[in-house]
Amino acid sequence: MAGQNAAPLLKVEGLKQYFRVSKSYTVKAVDNVSFEIYPGETYGLVGESGSGKSTIGRRIRQLYAPAAGTTTSDGQDISGKLNHSQNNTLRTQMQMIFQDPMASLNPRKKVEDIIGEGLDIHHMYKTREERREKVEKILAKVGLAPEHAEHQFSGGQRQRVGIARALIMNPKLIIADECISALDVSIQAQVVNLMKDIQQETGTAYLFIAHDLSMVKYISDRIGVLHLGHLLETGTTEEIFEHPIHPYTRSLLSAIPLPNP
């Protein structure tokens with residue numbers, strides 16, 4: 001974890017995201033949320049389903065139209081409409097790993113082309129051989145052999161492909177949106193350990209969105225607790241788990257199943 005005396009890699013201030021359902025009803029999915037992520041650290045965002053976790057991740061990555069609030073990435077304001085150059089910078093420096101690897105991977109494309117698509121768009125290679133080498137190198141990093149590119153994949157392997165697709169752009173921040181919730185428990189541990197190893201090697205920061213408190217505790221340096229679109233509490237992992245302040249945080253922690261009740 002990088003020291004917090006460094007400048008924040010991502011700074012979110014007063015973030016709001018509302019969805020108008022009808023003339024008389026608007027869903028306040030995220031309401032006045034603020035937090036910071038520092039270089040090389042993992043910030044865990046936890047809360048029950050429907051609390052607004054994924055909305056925050058998608059809003060930061062501008063998959064939703066900008067609403068209210070300020071988002072700064074590496075000192076650059078990315079809150080409003082971005083020009084072509086700013087958009088390209090954001091696409092390379094900030095990547096997402098989605099919850100369902102089957103839905104986020106194109107079944108008509110080979111794995112090599114799925115992972116290499118970002119390289120194609122941003123012209124990050126000179127020859128096809130260099131492109132192939134980059135793809136094979138990133139496949140090896142996530143525990144897949146080059147020959148796997150022609151195979152049918154299990155859920156855990158698909159998520160590794162999703163991680164490889166994000167990593168190949170060498171981003172400063174990866175938003176992992178419930179990236180382990182659709183996997184078996186044993187595979188979850190493999191994927192989280194893989195992400196920790198990659199972080200130690202590359203220095204990439206994570207916004208780790210999940211509702212599994214045990215996994216969040218294992219991977220996160222700091223944690224934010226979200227409920228009904230509001231950030232109720234934030235602090236280091238030790239502070240949240242050992243000295244929770246908000247009653248909702250205490251209720252979440254009390255719901256963690258004990259291995260030997």
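**Close-up views of the predicted model**

View 1. Helix 5 (residues 128-141) has 14 residues, which at 1.5 Å a residue should span 20 Å, and its end C-alpha atoms are 20 Å apart, in agreement. The expected span is 1.5 Å times one less than the number of residues. Helices (H or I, at least four residues) and strands (E, at least two) are DSSP runs, numbered from the N terminus. This is a predicted model, in which local features need pLDDT of at least 70 and side-chain atom pairs count only at pLDDT 80 or more, while totals for chains, interfaces and linings use all residues. Residues are numbered from 1 along each chain as its sequence is written, and side-chain values use heavy atoms, with hydrogens and water left out. The buried residues of helix 5 are R131, V135, I138 and L139. Seen down the helix axis, these buried residues fall within an arc of 105°, so they line one face of helix 5. The arc is that of the directions from the helix axis to the C-beta atoms. Exposed residues K137 and A140 sit on the face of helix 5 turned away from its buried side. Buried means under 20% relative accessible area, exposed over 50%, and partly exposed in between (1.4 Å probe, protein chains only). After helix 5 comes G143, with a positive phi near 85°.

**View 2. Aromatic pairs.** The count comes to two aromatic pairs. Rings of Phe, Tyr and Trp (its six-membered ring) pair if their centres lie within 6.5 Å; planes under 30 degrees apart count as stacked, over 60 as edge-to-face and the rest as tilted. The ring centres of F19 and Y64 are 5.3 Å apart and the planes meet at 80°, so this pair is edge-to-face. It links distant parts of the chain: F19 belongs to strand 1 (residues 10-22), Y64 to the loop between helix 1 (53-60) and strand 4 (68-73), 45 residues apart. F19 is partly exposed, at 30% relative accessible area. Y64 is partly exposed too, at 27%. F35 and Y43 form a stacked pair, 4.9 Å centre to centre with 5° between the planes. Both F35 and Y43 are buried.

**View 3. A lysine over a tyrosine ring.** K196 lies over the face of Y218, 4.9 Å from the ring centre. A charge sits over a ring if NZ of Lys or CZ of Arg is within 6 Å of the ring centre and within 35 degrees of the ring normal.

**View 4. The largest pocket.** The largest pocket holds about 440 Å³ of space. It is lined by 15 residues, of which R61, Q95, E117, I121 and R165 are the closest to its centre. Strand 6 (94-97) and helix 4 (111-122) each supply at least two lining residues. Helix 4 gives the most, with five residues. On a 1 Å grid over the protein atoms alone, a cavity is a set of points where a 1.4 Å probe fits but cannot get out, and a pocket is an open set with protein on both sides within 12 Å along at least five of seven lines; lining residues have an atom within 4 Å of a point. Grid points are joined across faces, edges and corners, and a volume is the space filled by probe spheres set on the points.

View 5. One cavity of 30 Å³ or more is counted. The largest cavity holds about 50 Å³. Its lining is formed by S73, Q76, I78, Q86, T89, L90 and Q93. Helix 2 (residues 84-93) contributes the largest share of that lining, four residues.

View 6. Q199 lies in helix 7 (residues 185-202). Q199 is buried, at 12% relative accessible area. From Q199 to G40 the C-alpha distance is 7.0 Å, across 159 residues of sequence. I97 is in strand 6. I97 is buried, at 1% relative accessibility. I97 and G162 are 65 residues apart in sequence, with C-alpha atoms 6.0 Å apart.

View 7. Most residues other than glycine have a negative phi. N32, not a glycine, has a positive phi of about 60°. N32 lies in strand 2 (residues 25-37). N32 is exposed, at 51% relative accessible area. E178 has a positive phi near 50°. E178 is found in the loop between strand 7 (173-177) and helix 7.
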